[in-house]
Amino acid sequence: MTDFFARHRPMLEDAVQALHARGFWTPFPEVPSGKVYGETAKADGEATYAALPGQPFALPGHPEQRRLGAEVSPWGEALRITYPAADAPALIAAAQGAAEPLAAAGVETRVGACLEILSRLNRISFLLGHATMHTTGQAFAMAFQAGGPHAQDRGLEAVAVAYTEMTRFADAARWEKPQGKAAPLVIDKHWTLVPAGISLAIGCNTFPTWNSYPGIFASLATGNPVIVKPHPAAILPLALTVQVAREVLAEAGLPADAVLLAVDEPGAEITKELATDPAVRLIDYTGSSTFGNWLREHARQAQIFTEETGVNSVVIAATDDFDGMCANLAFSLSLYSGQMCTSPQNLYVPQGGIETDQGHKSFDQVAAGLARAIDSLLADPKQAAGICGTIANPATKDRVARARNQGRILRDGTPLLLAVDADAAIAQDECFGPVAFLIPCADADDGIARAAHLAATKGAITAALYDTDEARIHRAAQTFARAGVNLSVNLTGNIFVNQSAAFSDFHVTGANPAGNASLTDTAFVATRFRRVMWRRPAAAV
């Protein structure tokens, strides 16, 4: 049995420090460079991925009653990979069999195993990049980062929070209470960490690892067996994760079945059966509010941590860098064709126009500036493919097609830019995909009020403001804080509203309908276990 905790303790200590400092830190470089990952890493990752399509995926010892898998790359290739699949009862039974030894292993053993899993996943980041690219439609550079190092950062963040919370208090103490002239009361007290139960991680199509790693690693570190349920269209990135995890767990002397893969197919999903099993006590879910509401109604035995539907807004009140603002928004609107939970959708512009460093700009001039910036950004087809990727789900194309008739087209194509009225129904809910709405409002304060109201009532993960009035900026910050949404102000250059940095940004606040959890704060982790005490009078000396 390898002492993974000792091996990775320096990284863990740095991670815990970064949690509190909230500055930039990562042990997992985001640049897909041979100088970082090894001169042969790129070729090795490509070759390993190329050998996977058309083959059975190996998960030794995993429960298997059949083989399933019908992934089709949004780039056009049918993967033809089959995975071991089992019914919900078989997966639950296997997880229950792993629960006791996992809980008994202790904090350092579990945390050490998690750190080793993340380190090995980092070493196969090129493979994970190709797997992510060919299941989500992201371009490779984004797939490498989001499917690899950035997801690993979020997993490590969860492990660091879990370790901090599990070691926050002493696990044993001698309690002495003076009794005046009588002998003091002397009690020996011991505390045991008791995991909540089986954890179910329900993955999404667009960011299968980035959104799933926090819940997977928070649960595993705190002693809860994890059943990983990928989206049927994006199995491979999480299957690779489960494969690595099971290998490491076995080497650490822990049951491999502490991490299981739940594969199903459209029309024969097992998610609901798993989610409502009494043994499942933790559920991590990313997806639509429709299914989120179903979970809340039916999976009442479990704690549910969600990231759900939201309407992200930008208020354009004024700017001292019109070109920089338009270029920044053009990239945010185009990145991965708007298929990010952080992508802006509603852009509020005063109907009388705004003041800029180029003079007054009317509503239509602001719209034209944005359209020109998008056209310029995407003029080169190769660059456009690298930024936009492709559409992950045919339903997204249908959604955008329906939206075309809902407003005045300001820019056609991907992304589609429409002018709509402030009260237009289509702008009151999430319209996921490469479409954004330019909305006239009475003035800047009206735009701020409308955007904040939508965040509070319909949910939002991001909000942005462009303004030159300091007093209004501070009022807006307070308004959006009350709405429970993170605000970015006057972003230009290479920082975008879409981005969320581990160890610094708390992704989703849990304070509006776009999600009830935050990646990765104390509340996301600490309730995955409880402290239970046993005590007795101290033996006489």
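Arginine 80 lies in the loop between β1 (66–68) and β2 (83–85), where helices (H or I, at least four residues) and strands (E, at least two) are DSSP runs numbered from the N terminus. Its phi is near 55°, a positive value in a residue other than glycine, and arginine 80 is exposed, with a relative accessible area of 52%; here exposed means over 50% relative accessible area, buried under 20%, and partly exposed in between, with a 1.4 Å probe and protein chains only.

Phenylalanine 503, found in the loop between β18 and α19, also has a positive phi in a residue other than glycine, near 70°, but phenylalanine 503 counts as buried, at 0% relative accessibility.

## Basis of the model

This is a predicted model, in which local features need pLDDT of at least 70 and side-chain atom pairs count only at pLDDT 80 or more, while totals for chains, interfaces and linings use all residues. Residues are numbered from 1 along each chain as its sequence is written, and side-chain values use heavy atoms, with hydrogens and water left out.

## The chain as a whole

The chain has 19 helices and 19 strands. Its radius of gyration, 25 Å, is close to the 24 Å that the globule rule gives for 541 residues, so the chain is as compact as a globular protein of that length; the radius is taken over C-alpha atoms, and the rule is 2.2 Å times the number of residues to the power 0.38.

Of the 541 residues, 55% count as buried. Among contacts with a separation of 6 or more, 74% come from residues 24 or more positions apart, a contact being heavy atoms within 4.5 Å.

## Helix α16

In helix α16 (residues 394–403), the buried residues are Thr396, Val400 and Ala403. Seen down the axis of α16, these fall within an arc of 60°, so they line one face of the helix; the arc is that of the directions from the helix axis to the C-beta atoms.

Their cover includes β15 (416–419) and β16 (435–441), whereas the face turned away from the buried side carries the exposed residues Pro394, Lys397 and Arg402.

Proline 32, in the loop between α1 (4–21) and α2 (34–37), counts as partly exposed at 35% relative accessibility. Leaving aside residues up to four places away in sequence, proline 32 touches Phe126 and Phe144.

The peptide bond from threonine 414 to proline 415 is cis, with omega near 0°, and proline 415 sits in the loop between β14 (408–411) and β15. Another cis peptide bond joins leucine 519 and threonine 520, with omega about 0°; threonine 520 is in the loop between β18 (486–489) and α19 (522–526).
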